[in-house]
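Colleague: Can you walk me through the side-chain contacts in this one? I'd like to start with the charged pairs.

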Amino acid sequence: MNRVKRAIILAAGIGERLQPITFLTPKPLISVHGVRMIEGIINSLILNDIFEIYIVVGYKKEKFDYLTKKYRSVCLIENPYYKNTNNISSLYVARDFLEDSIILDGDQIIYNPMILSRDFARSGYNVTWQEERTEEWMLEVEGDIITGCSRNGGSRGWRLYSVSRWNAEDGAKLRKHLEKEFEEKHHTDIYWDDVALFCYPEKYKLGIRQMNPKDIIEIDCIKELVAIDSSYKEYIEDEDEK
């Protein structure tokens, strides 16, 4: 078994689909029922004895400063490229910490902290079984090994979530491939997940870690936020009036 030693939380984005809320508040710092999304992630990591936590910041980076005082194990990493690149730049600036890591997006709500447990057999992604049609990325799996990925969604398959673990060997490979794509090829417009799943799939043998759909929720737009926390319904009403 492998064991996670550190976490990388990606939190540099602008969060355009949650505007106007994100005009003042970065998306990961939005509160849902009184708890900021990123703090829910941090607390879930700590419950799993993962104390070395790196948060990649960019948009309104100063808003995250309080986290280093509230959580002594948190360190902020600035992404100076966030305005003009996709999230490959966020993992690129955190590439020193990829070995034995768990990588997460900062705009998720964790309902079951055990999905972030430290021990893992193989590098790979948390997934849920998806019966209905979804536009989210879907993985092709044989046994427990990822053999392909669709960016166009699908149904009756394994939906990829933004929770992944990387052992020392795969973390080192991921660093090398990130540097090649970002520095040499200047592929700044891709997702970091593209690196292992599309750019160099033959170099990895990634697995899946099954969880239940209710264990985690990813917030992509205001309607999804309102469905969980009705205190934001005024933003939908404002849109309807327009």
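Modeller: First the term: a salt bridge here is a side-chain nitrogen of Lys or Arg within 4 Å of a carboxyl oxygen of Asp or Glu. Glu-136 forms one with Arg-159, with the closest N and O atoms 3.9 Å apart. This is a predicted model, where local features need pLDDT of at least 70 and side-chain atom pairs count only at pLDDT 80 or more, while totals for chains, interfaces and linings use all residues. Residues are numbered from 1 along each chain as its sequence is written, and side-chain values use heavy atoms, with hydrogens and water left out.

Colleague: Where do Glu-136 and Arg-159 sit in the chain?

Modeller: Glu-136 is in the loop between S10 and strand S11 (138-142), and Arg-159 is in strand S13, so the pair links distant parts of the chain, 23 residues apart. Helices (H or I, at least four residues) and strands (E, at least two) are DSSP runs, numbered from the N terminus.

Colleague: Is Arg-159 buried or exposed?

Modeller: Arg-159 counts as buried because its relative accessibility is 13%. The cut-offs are under 20% relative accessible area for buried, over 50% for exposed, and partly exposed in between, using a 1.4 Å probe and protein chains only. Glu-136 is partly exposed, at 24%.

Colleague: How many salt bridges does a search of the whole structure find?

Modeller: The search finds 16. One of them joins the side chains of Glu-78 and Lys-61, at 2.9 Å from N to O. That pair also links distant parts of the chain: Glu-78 is in strand S6 (residues 74-78), and Lys-61 is in the loop between strand S5 (52-57) and helix H2 (66-70), 17 residues apart. Glu-78 is partly exposed at 43% relative accessible area, and Lys-61 is partly exposed at 34%.

Colleague: And what does Arg-151 pair with?

Modeller: Arg-151 forms a salt bridge with Asp-194, the closest N and O atoms being 2.8 Å apart. Arg-151 lies in the loop between strand S12 (145-150) and S13, and Asp-194 lies in helix H5, 43 residues apart. Arg-151 is partly exposed at 42%, whereas Asp-194 is buried at 4%.

Colleague: Which residues are linked in a network of salt bridges?

Modeller: Arg-95, Asp-96, Arg-175 and Glu-179. Arg-95 also lies over the face of Tyr-92, at 4.0 Å from the ring centre. For a charge to sit over a ring, NZ of Lys or CZ of Arg has to be within 6 Å of the ring centre and within 35 degrees of the ring normal. Lys-173 does this too, with its charged end over the ring of Tyr-204, 5.0 Å from the centre.

Colleague: On to rings. How many aromatic pairs does the structure hold?

Modeller: Twelve. Rings of Phe, Tyr and Trp (its six-membered ring) pair if their centres lie within 6.5 Å; planes under 30 degrees apart count as stacked, over 60 as edge-to-face and the rest as tilted. Tyr-125 and Trp-166 form an edge-to-face pair, 6.2 Å centre to centre with 85° between the planes. Tyr-125 is in strand S10 (residues 124-130) and Trp-166 in strand S13 (residues 157-166), 41 residues apart. Both Tyr-125 and Trp-166 are buried. Trp-166 and Trp-192 form another edge-to-face pair, at 5.9 Å and 65°.

Colleague: Which residues do ring pairs link into a cluster?

Modeller: Tyr-125, Trp-166, Trp-192 and Tyr-204.

Colleague: What about the largest nonpolar core, which members touch the most others?

Modeller: Tyr-125, Leu-139, Leu-174 and Trp-192, out of 36 residues. A nonpolar core is a set of buried Ala, Val, Leu, Ile, Met, Phe, Trp, Tyr and Cys residues joined through side-chain atoms within 4.5 Å. Helix H3 (88-93) is among the elements that give two or more residues to this core, and H3 gives the most, with four. Apart from this core lies another, of 27 residues, among them Ile-38, Ile-41, Ile-50 and Val-163.
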